[in-house]
Amino acid sequence: CLVEAAPGYQRSWLSLETIASVRRFASVGNGAWSMAVGEPSRIEHRGHSSDGGHIGTVFSPYGVPGDTLVIREKWRPEERESDLVDGIRFKADGAFVPIENTREAADRWVATLKPGTPAERKNPWRKSRQMPAWASRFKPIVMSVRIERLHEITDVDARMEGVEPFFERFECFGREQCITTGERAADAEYRASYAVRWDEMYGDRVLWLKNPPVWRVEYAMETT
């Protein structure tokens, strides 16, 4: 099963060195969350209903163990000048990945050459949402999915998610700088940096301060 990854995280998927093995994504909905026994990818959700709390079931939008995520990024089809090999060029790091040497792959690649709007023809880079699944170079396989509270993330966890230490990113702040929950950034620099990045990505919708429930997705990486 192919599952599209959350758009908010695509800017971090630049190379194998920057890809973390665990990601946290904002969940959807209100109410109290609890794990469904025996099924980490299914969450029992007590919503706000007129009868005082309807019980429903929410399934992970990030797949279940064994699923393959589709990571989309800015790209363009290209025939490499040096050897006339057809492939996909990725804007994030300029990498070029040749397509498979099959008729089916060639037909799919040729189909991406169809002209678009005048604006699209002027800018050869295609938007990430326009990338077909076959062109994705990063294919993480979901290993586990569960719900946890955002503040459960540790300094080690935050470092695994690829953030910079707080004071490398914010050199102008002093060592006594605190994040919105009152914690000193110096006590856990990666966690503090992650808290800032979280609010940059999600804004007022799911603030770090509110300690929202999040999807914790662990995966193993495959690349083309």
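Select phenylalanine 166 to begin: its relative accessibility is 3%, so this residue counts as buried (buried means under 20% relative accessible area, exposed over 50% and partly exposed in between, with a 1.4 Å probe and protein chains only). The ring centres of phenylalanine 166 and phenylalanine 173 are 6.0 Å apart and the planes meet at 25°, so the pair is stacked. Rings of Phe, Tyr and Trp (its six-membered ring) pair if their centres lie within 6.5 Å; planes under 30 degrees apart count as stacked, over 60 as edge-to-face and the rest as tilted. Now show Phe167 and Phe170 as well: together with Phe166 and Phe173 they form one aromatic cluster. The count of aromatic pairs comes to seven.

A note on the model before moving on. It is predicted, so local features need pLDDT of at least 70 and side-chain atom pairs count only at pLDDT 80 or more, while totals for chains, interfaces and linings use all residues. Residues are numbered from 1 along each chain as its sequence is written, and side-chain values use heavy atoms, with hydrogens and water left out.

Next, select residues 189-202, which are helix 5. Helices (H or I, at least four residues) and strands (E, at least two) are DSSP runs, numbered from the N terminus. Helix 5 has 14 residues and reaches 20 Å from its first C-alpha to its last, close to the 20 Å expected at 1.5 Å a residue; the expected span is 1.5 Å times one less than the number of residues. Is helix 5 mostly covered or mostly open? Eleven of its 14 residues are buried, so-called covered positions, including Glu189, Arg191, Arg197 and Met201.

Within helix 5, pick tyrosine 194 and tryptophan 198, which are four residues apart, about one turn of the helix. Tyrosine 194 counts as buried at 0% relative accessibility, and tryptophan 198 is buried with a relative accessible area of 0%. Their rings make a tilted aromatic pair, 6.2 Å centre to centre with 40° between the planes.

Then step past the end of helix 5 to glycine 203, where phi is positive at about 65°. Asparagine 211, in the loop between helix 5 and strand 11 (213-220), has a positive phi of about 50° although it is not a glycine. Leucine 84 is another stop, with a positive phi near 60°; leucine 84 lies in the loop between strand 7 (75-79) and strand 8 (86-90) and counts as exposed at 57% relative accessibility.

Finish with two arginines. The charged end of arginine 76 sits over the ring of tryptophan 125, 4.2 Å from its centre. A charge sits over a ring if NZ of Lys or CZ of Arg is within 6 Å of the ring centre and within 35 degrees of the ring normal. Arginine 137 lies over the face of phenylalanine 90, at 4.3 Å from the ring centre.
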